[in-house]
Amino acid sequence: MIERIHLAIIQEVDRQGSMTAAASTLCLTQSALSHAIKKLEQSMGTDIWLREGRSLRLTQAGQYLLAVANRVLSQLALAEDRMKQFAQGERGTLRIGMECHPCYQWLLKLVAPYLAAWPDVEVDVKQKFQFGGMGALLGYEIDLLVTPDPVFKPGLVFEPVFDYEQVLVVGLGHALARQDRVQPGQLSAEVLLSYPVSPERLDIYQQFLVPAGILPKQHKSIEDTDIMLQMVASGRGVAALPRWLVEEYANKMPVRALRLGDQGVAKQIYLGTREADGSIDYLRAFVALAKQSRTGSTPAARPASPS
């Protein structure tokens, strides 16, 4: 019979790279770990690992169990945490995943009123996931996903929170700053700054440059919004960001927003949750509060206090 410890061993050996390191992490002896897997292999009638010198290679059966472990163990851990919280009269922790780098600024404006209205709920924000944002939501690593690019799948619910326009931001000293809009061909000689996201997932590529057969002269990745806009302000490149974010920074930095093309690039921010979590009051309250922020501004009112 497959037990939780078997899945934990397989997952930890994959993470740590060796039985010795996995045994230490799981507080087991190496012999106990080896015995547990050997017993599982005998009962299942198939090998989990094959030895190749000093290293281990998962068999097809082992790869399958690793996939099961990655799905199931996080769900069990969440269930145990929730049971402990129920037993202690607590509501729990809202784990928010971010697939929208500039939305972190928007999120900060929501957290303060949310925590004030829900003092018995903790908030944890994750920006890096083992299997990407969608996988993290399906795999119970997070409870809510902030994304501009939802993937509608059975069991998930995505609700639009606010609309925004993706714009090009340039320094006031840039030659393009005298215009109110820009065409794709005008970026062929530019250095494009962006968050560390592949071009396949960047709107300025997929909705603006690629359809016109244009690429920038150079593409550089920068993680921090402030540094990116400092680079733009100093004439080191241009960037594509939400208009509401650029307008906030324009009050303290010499930068300007330009429309992308004649029609502009319209986007929406979505909040994704699991359909099964629809009855969780503090999760519903966060979504309701977020919907009050239509353009990335501070919510006009707090949600009703929990009963």
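How many aromatic pairs does the count come to? The points below take up this question and two other features.

1. Basis. This is a predicted model, in which local features need pLDDT of at least 70 and side-chain atom pairs count only at pLDDT 80 or more, while totals for chains, interfaces and linings use all residues. Residues are numbered from 1 along each chain as its sequence is written, and side-chain values use heavy atoms, with hydrogens and water left out.

2. Aromatic pairs. The count comes to seven aromatic pairs, where rings of Phe, Tyr and Trp (its six-membered ring) pair if their centres lie within 6.5 Å, and planes under 30 degrees apart count as stacked, over 60 as edge-to-face and the rest as tilted. Phe152 and Tyr270 form an edge-to-face pair, at 6.4 Å centre to centre and 85° between the planes. Phe152 lies in the loop between β5 (144-147) and β6, and Tyr270 lies in strand β12 (residues 265-274), 118 residues apart. Helices (H or I, at least four residues) and strands (E, at least two) are DSSP runs, numbered from the N terminus.

3. Helix packing. α5 and helix α9 (residues 243-250) pack at about 80°, with axes 9 Å apart; axes are lines fitted to C-alpha atoms, for helices over the stretch in contact, and angles run from 0 to 180 degrees between N-to-C directions. α5 is therefore roughly perpendicular to α9 (65 to 115 degrees; under 35 is roughly parallel, over 145 roughly antiparallel, the rest oblique). Gln105, Trp106 and Lys109 of α5 make the contact with Trp244, Leu245, Glu248 and Tyr249 of α9, contact meaning heavy atoms within 4.5 Å.
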